[in-house]
Amino acid sequence: MSRKPATRTRPAKTAAKPVSGVTVRHYCQGIGDCHLLTFKKADGKPFRMLIDCGIHVSVAGGPALVADIVSDLKKETGGKIDVLVVTHEHWDHVSGFLTAKDLFKDFVVGDVWMAWTENPADAEAAELDKFKGQAIAALQGVGQKLDAMQGLSSYMAGVRDGLQSVLGFQFGAAGERVRSARDAAARLSQKPSPTYFEPGGPPVTIDALPNLRVYVLGPPRDKAALRLEEKASEMFPLASGGPFARALASGLKVNEATDADYVDELSPFERNVGTPLSAALTGDKGSDPAIDIAAFVRKHYSGPVSAAASIEDRDQSWRRIDADWMGIAADLALQLDRGVNNTSLVLAFEFTDSGRVLLFPGDAQIGNWLSWKDLKWPVGQGTVTSADLLARTVYLKVAHHGSQNATPQKQGFDLLTSADLSAFIPTNKLDALKVHWGEMPYEGILTALDAKTKGRVIRADDPWLADKNGKPAFAAPSGSIQAVRSLPRDATGGPGGLWVEVDLV
Ligand SMILES: [Zn+2]
């Protein structure tokens with residue numbers, strides 16, 4: 001019996017990782033961010049940086065998917081993360097630190113990086129926090145009212161749906177608070193507290209990575225850039241609690257009329273000449289017993305209470321304007337959402353030998369981007385500006401899931417001039433449609449990015465990620481992307497891709 005010479009099988013060669021480059025594994029949960037950056041230390045060992053770990057509450061099966069992601073992270077890193085970056089306090093960026101806390105507790109995290117806006121010892125951050133607390137409480141109140149009301153106009157039904165999706169950035173499905181998730185992330189640090197960053201000063205250096213500089217571009221200290229309102233105002237809306245938040249809180253209390261000592265600061269009349277609507281509708285006579293205002297109100301603005309009457313007859317809320325003032329909740333919700341997005345910690349990673357830059361802007365919206373314009377960093381004998389960094393950016397994590405208002409044209413796109421630019425968008429169009437976010441990702445941004453990157457854009461919801469033999473439409477290596485690998489989610493029991501990984505240089 002002759003024996004064939006043994007064929008030597010070599011272990012499959014993984015793509016050689018560039019010495020001065022980085023491997024970025026983007027998890028593909030859709031509306032949510034989780035990115036693992038693996039740099040190579042001078043001794044050849046990996047240096048792991050994790051940026052965010054969350055999923056929006058509206059995504060079905062979100063916590064289970066995040067658990068799969070964290071298990072994969074554990075497998076890939078052995079549970080050792082050198083730096084955990086938490087960009088901002090939104091559920092879709094931090095939920096995993098709470099919902100998968102039992103998995104994260106086995107991780108060893110060297111340091112946690114956060115923006116100055118998360119620092120409880122910072123006076124301006126405390127002002128911002130006060131606004132957030134008031135706004136969330138007011139919006140929750142309105143949300144509960146609207147949920148309980150029947151016969152809402154289509155506009156108010158839209159406000160109700162919009163509120164739910166904005167509050168979805170603040171709470172988990174079981175009502176968990178986003179603050180708990182952020183704080184769970186902070187507690188993972190081996191240091192006593194996170195390291196807080198703000199723009200300005202020399203770039204951050206890491207001893208183990210002499211080839212890397214990290215520039216902090218945002219969030220700005222400038223109140224106007226962080227402001228929640230479109231219009232300029234002398235008053236710092238973040239500090240004041242915001243006129244919308246006050247009006248909503250006030251309105252809710254008037255409607256409830258439970259606190260006898262409460263004075264509606266916005267009411268045009270003295271308290272003793274009014275009758276709370278709730279009292280009138282329930283048959284309470286109101287403050288002046290001589291006038292049965294309650295009977296009048298019930299006759300003209302309410303409907304028959306008999307269960308025999310049709311629901312349309314019983315529900316006469318369309319005759320009243322008591323719900324319409326809640327429409328201002330839409331403005332407040334937008335202010336809150338944009339304001340928190342603008343607190344995103346924005347980092348640019350520069351390789352000092354090649355000058356190539358990776359930009360991770362979190363969910364920075366226009367105010368944050370515009371604030372980078374005047375930033376300068378002393379480096380060696382010279383000065384680096386934000387325009388330099390943008391011009392040398394070869395890889396962009398697209399901000400805020402590709403929404404319309406998170407990548408400005410002149411101070412954003414137009415400055416990204418590298419011929420090697422490639423991009424990743426953590427987004428899922430179907431989930432965004434489900435929660436009425438409209439066009440996310442925004443078609444105009446997709447078209448512009450596609451032209452600028454020559455098609456080198458990867459999206460978390462790209463169909464090819466679901467196929468184990470799937471490949472992107474662009475050739476790799478191409479631009480800054482040297483290699484692409486991906487893992488379909490069917491390995492963990494779901495549609496789509498679990499992650500996509502790019503070697504960048
Ligand atoms: Zn987000």
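In strand 17, T23 finds its bridge partner in D503. The model is a predicted one, in which local features need pLDDT of at least 70 and side-chain atom pairs count only at pLDDT 80 or more, while totals for chains, interfaces and linings use all residues. Residues are numbered from 1 along each chain as its sequence is written.

That bridge belongs to the pairing of strand 1 with strand 17 (residues 497–504), which runs in the antiparallel sense over six bridges. Strands here are DSSP runs of E with at least two residues, helices are runs of H or I with at least four, and both are numbered from the N terminus; two strands pair if DSSP finds at least two bridges between them. Strand 1 covers residues 22–27, and six of its six residues are buried. A residue is buried if 20 or more other C-beta atoms, placed from the backbone, lie within 10 Å of its own, exposed if 12 or fewer do, and partly exposed in between. V22, V24 and H26 point one way from strand 1, T23, R25 and Y27 point the other way, and all are buried.

Strand 1 also pairs with strand 2 (residues 35–40), again in the antiparallel sense, over five bridges. In this pairing, V24 stands opposite L37. Strand 2 is largely enclosed by the rest of the structure, because five of its six residues are buried. Strand 2 then pairs with strand 3 (residues 46–51) in the antiparallel sense over six bridges, and K40 has P46 as its bridge partner there. The two strands make a hairpin with five residues between them, and G44 in the turn has a positive phi of about 90°.

Now for a pair of helices. Helix 4 (residues 123–148) and helix 5 (residues 154–167) pack at an angle of about 135° with their axes 10 Å apart. Axes are lines fitted to C-alpha atoms, for helices over the stretch in contact, and angles run from 0 to 180 degrees between N-to-C directions. Helix 4 and helix 5 are therefore oblique to each other; angles under 35 degrees count as roughly parallel, over 145 as roughly antiparallel, 65 to 115 as roughly perpendicular and the rest as oblique. On the helix 4 side, the residues involved are L139, Q140, V142, G143, L146 and D147, and they meet M156, V159, R160, L163, Q164 and L167 of helix 5. Contact means that the C-beta atoms of two residues, placed from the backbone, lie within 7 Å.

Elsewhere, V346 sits in strand 9 (residues 346–351). V346 counts as buried because it has 27 C-beta neighbours inside 10 Å. Leaving out residues up to four places away in sequence, V346 touches L217, G218, P361, G362, A364 and N368. V346 and A115 are 231 residues apart in sequence, yet their C-alpha atoms are 8.6 Å apart in space.

As for the whole chain, its secondary structure comes to 17 helices and 17 strands. Of its 505 residues, 43% count as buried. Among contacts between residues at least 6 apart in sequence, 70% join residues at least 24 apart.
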